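Open the model in your viewer and keep the selection tool at hand. We will go stop by stop.

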Amino acid sequence: MAPLGVVLVVFVAFSLPPYLSLDPEQSRITPPEGVPLYHPLLVAHVLFASVATLACWFQVWPWFRRRFPAAHRRIGRVYVFAGVLPAGVIGFYLGAVTPFGPVARVSGVLLAPLWLICTIVGWRRARQHRFVDHRRWMIRSFALTVSIITNRIWGVVFFLLLSPQLETTFHGDEKLVSWVVAGATAWLGWTLPLLAAQWWLDRHPGRHATRAG
């Protein structure tokens, strides 16, 4: 779990500071024209998503869950109500108005509801004391939470692959390159982690049953 914790902390430490100033000029995403609320909502989304990203580490740490069950429940509430829920609702809007093209837009408006559904169902299962189902749904939620990191990795990969083709395949259209890179990374960023999580759950169905409660 230590390497995962380091990755999450480093990612948040790198991603969050530009948005703390509330200055649109510091944003890593240029707000689309005609959407004045984009940057304020992007700042809020980044803040809430950072809470979810840091909280999820404790939630998937088996030792912490067994040793500190009360803290697990409290941090779980923070993860749900101060992290995923506000970040997901805002993320749906941001996805619908993204400046990165229609392919990324469709991905965004699908990812946000899926993230919300997995998290809400997982929380409800815990409230119902159905802990096996709770953990299965929360593993899916975790996969979608950390998908922002795999998104960035794919972004670097596709940028390196496609940038040399700017003057040939893309006829010098930098905007088209950015849309293709963003569309591919938007989809691969969350579908592959979610599929990997489901594969892991299917491979270890009894592992959660023995740790329920």
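Select His 134 first. At 11% relative accessibility, His 134 counts as buried (buried means under 20% relative accessible area, exposed over 50%, partly exposed in between, with a 1.4 Å probe and protein chains only). This is a predicted model, where local features need pLDDT of at least 70, side-chain atom pairs count only at pLDDT 80 or more, and totals for chains, interfaces and linings use all residues. Residues are numbered from 1 along each chain as its sequence is written, and side-chain values use heavy atoms, with hydrogens and water left out.

His 134 sits in helix H7, residues 131–145 (helices are DSSP runs of H or I, at least four residues, numbered from the N terminus).

Next, colour the largest nonpolar core, which has 23 residues (a set of buried Ala, Val, Leu, Ile, Met, Phe, Trp, Tyr and Cys residues joined through side-chain atoms within 4.5 Å). Leu 8, Cys 56, Tyr 79, Val 84, Trp 115 and Leu 144 have the most contacts inside it. H1, H3, H5, H6, H7 and H9 each supply at least two residues of this core. Another core, of twelve residues, lies apart from it; Tyr 38 and Leu 42 are among them.

Finish in two loops. Select Leu 22, between H2 and H3. Its phi is near 65 degrees, a positive value in a residue other than glycine. Leu 22 counts as exposed, at 57% relative accessibility. Then pick His 129, between H6 and H7. Phi of His 129 is near 60 degrees, again positive. His 129 counts as exposed at 59% relative accessibility.
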